[in-house]
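Let's walk through this model together, one region at a time. Have the viewer open as you read.

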Amino acid sequence: MFILLAIAAVLAAPLWVIAVVVKLLSVALPGRRTNWGVQLLRWSAGMTAAAAVMLLAMALGAVELSDNESRSGADSSPAPACRDAAPHLVDRLAGHRASYLPPAFDCVLDDGTTYPGSESYVWLNGLVLTCAAASVLLAVGARCTTGRQTARRTHVPAPEALG
């Protein structure tokens, strides 16, 4: 199932990139709305959240694919991901361990130590966390900016300040 989500994420990624480029061009070109800053923060928060979801789907699909490769086929043991990651340790492999949260595919050696089946999981997990944190920060920034604009519009000066 995660493989299908990963395929959908891979197909959606170019559309995401096109949307980001078009939005950046619309901000850079003249003729913007007066409140474009808050709208851009909200839109950016949504797009970074979408990026985090797409990256997570890709990572989950990669884990499921590696796990599936290690369970089926004539050349499935030891796991192909483990063989490719460290060919010099193939004779010491005792198994593998797939984890979906956080996405990882670890190769287990005969002494109980592990090594990652691919370094891409570390990068994908880092990018997911970075995008999620950026999305939260952008949403908080949009919320604070909206609150300040509302307070500025509704602020009534004190009577002694008028006189």
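Just after α2, G73 takes a positive phi of about 105°. Helices here are DSSP runs of H or I with at least four residues, strands are E runs of at least two, and both are numbered from the N terminus. α2 itself has 36 residues and reaches 52 Å from its first C-alpha to its last, close to the 52 Å expected at 1.5 Å a residue; that expected span is 1.5 Å times one less than the number of residues.

This is a predicted model, in which local features need pLDDT of at least 70 and side-chain atom pairs pLDDT 80 or more, while totals for chains, interfaces and linings use all residues. Residues are numbered from 1 along each chain as its sequence is written, and side-chain values use heavy atoms, leaving out hydrogens and water.

## The strands

Now to β2, residues 103-109, which is mostly covered: 6 of its 7 residues are buried (under 20% relative accessible area, with a 1.4 Å probe and protein chains only). On one side, 7 bridges join β2 to the antiparallel β1, residues 93-100; two strands count as paired if DSSP finds at least two bridges between them. A98 has F105 as its bridge partner in β2, and the β1–β2 hairpin has 2 residues between its strands.

β2 also runs antiparallel to β3 (residues 114-116), joined by 3 bridges. Here D106 stands opposite P116 of β3. The hairpin of β2 and β3 has 4 residues between the strands, and in this hairpin G112 takes a positive phi near 95°.

How values were computed
Buried means under 20% relative accessible area, exposed over 50%, partly exposed in between (1.4 Å probe, protein chains only).
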